[in-house]
Amino acid sequence: MTFSHDTEQALGTLVRLVNTLPAPGSQVDELKTLEDLDKFIHDREFSAVGQLTSADLEEVRALRGMFAPVFTTGSDAEAAGLVNAIIARGASTPKLTNHDGHPWHIHYSRDDASLASRITVECGIALAQVIASGERERLRRCEAPDCDDALIDLSRNRSKRYCDARTCGNRLHVAAYRERRKTAGE
Ligand SMILES: [Zn+2]
Ligand SMILES: [Zn+2]
């Protein structure tokens, strides 16, 4: 594991959140309704989330544009500027916890804070940890020609090039395979 459990969990949540934004040239927003938000919370295993309101939905939707540029920065200084601005927006209250059998580790947001505030703080600090570990280049965009989904590369040798939409890596493999066959004169 490259980062701590909670850091990787927060980064996974963040990638999923940012990728609900419509892809370039598309109108499909995957975080439009309270139902979408409910599914997101469930899939990402958020604990202790109360009744969600349309205010929660609007706040969480607004976070996406704030986090998205972090996946295309060109330097640590640029990334640090973005991440510091994000962290400054949330009220962080560090607290030691050993929930669910995990070793003692720190949570940065209060359980009773709003959902958007929790995401801001936990994902902001997770990004700060990535940058402070000299691992900023693991925050990237998918290299498939018609996809620019955010991705976090947790592979040992930083070899991940495509997002987790199965079509991205596969489609290119198929194209490369056909190209090879063609050159081989088959
Ligand atoms: Zn935890
Ligand atoms: Zn992709």
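Helices (H or I, at least four residues) and strands (E, at least two) are DSSP runs, numbered from the N terminus.

**Entry: basis.** I note that this is a predicted model, in which local features need pLDDT of at least 70 and side-chain atom pairs count only at pLDDT 80 or more, while totals for chains, interfaces and linings use all residues. Residues are numbered from 1 along each chain as its sequence is written, chains are lettered from A and ligands numbered from 1 in the order in which they are written, and side-chain values use heavy atoms, without hydrogens and water.

**Entry: W104.** I located W104 in the loop between β1 (95–97) and β2 (105–107). W104 counts as exposed because its relative accessibility is 58% (buried is under 20%, exposed over 50%, partly exposed in between; 1.4 Å probe, protein chains only).

Entry: I recorded H99 as partly exposed, at 27%, and H107 as buried, at 19%.

**Entry: I131.** I placed I131 in helix α5 (residues 115–132). I131 counts as buried because its relative accessibility is 13%. Leaving out residues up to four places away in sequence, I131 touches D76, A79, A80, V83 and R136 (contact means heavy atoms within 4.5 Å). The C-alpha atoms of I131 and A80 are 7.2 Å apart, with the two residues 51 residues apart along the chain.
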